[in-house]
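These are my notebook entries on one structure. I set down below what I looked up, topic by topic.

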Amino acid sequence: MRKFLLLPVMFFLFASCGGNSDFAGHKVTTQATVMAGRLANADVEIFLIENDGSLHSEWKEKTSSSQDFEKIGKFNSHIRELKENRLYLYKVTGGEDWDVDQDGIKDDKPTPNRGTLRAIATGKDFKTAGEYFNITVVSEMLYESVAKHFVYFKSERLNKDLSQQVKNFIKDVDNDGDIDKNDMLTFNPVTDKNRLVSLYQYKLPKIIRDVHKDKVILLNMDNVIGRLNTDGEAYGLALSIDDSKAYIAGENGLKIVDFRDPQHPILLASVDTYGEANSVALSDDGKAYIADDNGLMIVEVTTNPQKPILLAKLDLPGWTSDVTLSRDDNKAYISNSAFDSSFYNKRGYNGLVVVDVSDSQKPTLVATLDMPANVNSITLSSDDNKAYIADDNGLAIADISDPKKPTLLARLDMPGGVRSVTLSSDDNKAYIVDGPRGLMMADISNPQKPKLLMRYDISEDVNSIILSDDGTKAYAVGYNGFMIADITVKPQKPTLLSTLNMHGTAYAVTISSGDKKAYIADYDKSLVIANVEDPLNPKLLARLDTPGRAVDVTYYGDIAYIANDDKGLVIADISNPKKPALLATFETTGVVKSVTLSSDGSKAYIADEKGLKIVDITNHQHPMLLASVDTYGEANSVVLSDDGKAYIADDNGLTIVDVTTNPQEPILLAKLDLPEWISDVTLSSDGTKAYIANGVDGLVIVDIRDPQKPILLAKLDTPGFAQNVTLSSDDSKAYIADVNSLVIVDISDPKKPRLLVSHYMPGYAIGVTLSRDDTKAYVSGILFSIIGLDIFEKY
């Protein structure tokens, strides 16, 4: 275990030691100490950040080693030599840590450090911190949160963002009534742990492990604090008034859980229901109202939480999925599907059901409100005048000021539907669970015009959440049981740079070799060319109307090749990007899905509904068919390996064909069946692995070192529906257009892919491609055209 990063690397400046002091063999003007715990023999480099964002190394130091614990980690900080109005970066690497548990006591043996910690601020900020200047995991996380600004560098913008980001990580360390950069620089890992935002207090051991592994902290961070396996999927929950117990509804009934220690919740009791328990609500007098498959069940759970007592049962026709109570506990609002739990037999109400429960032993039906889609859950506003209804089409808001006559106010449609919703204490925000896509927040301050604000990284398939009284934590249940998430911290995600609206559907995009132009396949019959040299301000250059519907595009030199749906292949001259010209069309026997080119630009490989077509394009105006390959289903995408093999994504799996030995007589090498429809395939740079967008199954990774015997390596279920996949230049990350999100996956270990980021997209993401330096992702899809994303990377 590497010690130095267990919390921090700490530069402790002793201003009182002014003048020249001698340590580690150097004469210095300002004596400083690295307190990671104490880090000996570490390399310290101090950079001046130039106006263009480049780094100029000013000084290099090494921390001291000593038998005396107090003398370990000393070095010259050069703080007095810093220019006040310039940005500086301190970087500490290597060394050995003599206090890995940060208890202030020298360890028996040192722990090697292989990670990096940094601090970024102005010279004035460092001087203000003075002798209390520390480098810790806090300064590292803040560096990571602003490192994106190095791509399009403006010192003012970076400095402003740094000041704003501090509040996401720590509290007021210096007790001056303000949270600012001085709190970042004076944070002490030994004495100020309780000044971390609660999420990072809980996550500290994991943060330390991540730093020890030289991982980017924020890309490996989720919001989960604690878990409990409920022996089956959990669907809903309620909390006791004192926030000490959770009442969890699931496939095995009701579970009562004690979570006074949020990191170690324990099971107190179980209640068997007449069907699966789908939701639970608590009354102030200690009764649990449970929505199970067959209706409403009322149980006394407070007198003795370890021995709950059944009070009453109200059967309802249909399938009951959720229940919530009015403030006076006299009415229960129930979501009820017109279909039974099999979803085939219609047998009851579809929508909102209102029940009088003033007598908890004799519940009675009051009213119903029909909804156009199956209702999953219901939440009430604090004044009981509005019901927020999660259904299979999104979020519906209803006026229930008169419980006998509920009426619909507004809808917020969301692809894939909504499972549950909970409200902030002021009723201005709704926290929406949309299943595998996690947790989202919407502005409902105007109930007639709700709008989405942001998304949280839960990394789980969630069914239901509720908030703690202070609004800082979300208690969630889902496929893996019970979890607790911190929602005070806004997730660090890719930053939206710009949107280029085309008033059409962008199906695919290819970026020119210099990242200056984007070639876009617009489904509304056109090739679109845009100038993206300044990704903050993309500009439309030209549009070329093409026969059919453009679904894919690639280029070689000054020639663009467009897959045009039922009109085949379109070839265009793009030598003048402002005036593209049609050269030729080549119709195939089926609907064309995608096109790729040989490395010399002489052949086009076309995936269509009949299979693979190989076309000679040496004469751009007269393309000729060389050969066809029938696939086992419609061919959706094709990619070529350097050694001349075509990897075809078809409806039934991956087909591998030798297309080089004799292009006119391609040879089938292998077929790998996959259970779901696959839409795209790409290869690792060394040609040994295929990465497949496999629809609802997400990302599939295949070993193709022997193209005649492809082997499945791993699968990763993505939040949505994987449509398209591309890789970073170093093959360490996969970027997936996943319908409602851009998903970034760590594939550094192809056998263990790991979800890093799921960035919500305001539409239907179809395709994604990267800039040459991997700093921007260009995402194409429906409801938006191209969105440029600055992808958060370790600098």
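I took buried to mean under 20% relative accessible area, exposed over 50%, and partly exposed in between, with a 1.4 Å probe and protein chains only. The model is predicted, and I noted that local features need pLDDT of at least 70, that side-chain atom pairs count only at pLDDT 80 or more, and that totals for chains, interfaces and linings use all residues. Residues are numbered from 1 along each chain as its sequence is written, and side-chain values use heavy atoms, with hydrogens and water left out.

**Entry 1: salt bridges**

I counted a salt bridge where a side-chain nitrogen of Lys or Arg lies within 4 Å of a carboxyl oxygen of Asp or Glu. For elements, I used DSSP runs numbered from the N terminus: helices are H or I of at least four residues, and strands are E of at least two. My search of the whole structure returned 21 salt bridges.

I looked up lysine 313 and found its side chain in a salt bridge with that of aspartate 292, at 3.5 Å from N to O. Lysine 313 belongs to strand β21 (residues 309-315) and aspartate 292 to strand β19 (residues 287-292), so this pair ties together parts that are 21 residues apart in sequence. Lysine 313 is partly exposed, at a relative accessible area of 25%, whereas aspartate 292 is buried, at 0%. I also recorded a network of salt bridges that links Asp292, Lys313 and Asp315.

I next examined glutamate 634, whose side chain meets that of lysine 593 in a salt bridge (2.8 Å, N to O). Glutamate 634 sits in the loop between β49 (624-630) and β50 (635-640) and lysine 593 in strand β46 (residues 592-597), so the pair ties together parts 41 residues apart in sequence. Both residues are partly exposed: glutamate 634 has a relative accessible area of 29%, and lysine 593 has 24%.

Phenylalanine 47 stands opposite leucine 89 in β9.

What does glutamate 140 form with arginine 118? I found a salt bridge, with the closest N and O atoms 2.8 Å apart. Glutamate 140 is in helix α2 and arginine 118 in strand β12, so the pair ties together parts that are 22 residues apart in sequence. Glutamate 140 counts as buried at 2% relative accessibility, and arginine 118 counts as buried at 3%.

**Entry 2: strand β40**

I noted that five of the six residues of strand β40 (residues 526-531) are buried. Strand β39 (residues 517-522) runs antiparallel to β40 and is joined to it by six bridges; aspartate 522 stands opposite serine 526 in β40. Strand β41 (residues 539-545) also pairs with β40 in the antiparallel sense, over six bridges. There, leucine 540 in β41 is the bridge partner of alanine 530.

Definitions and conventions
Pairing = 2+ DSSP bridges.
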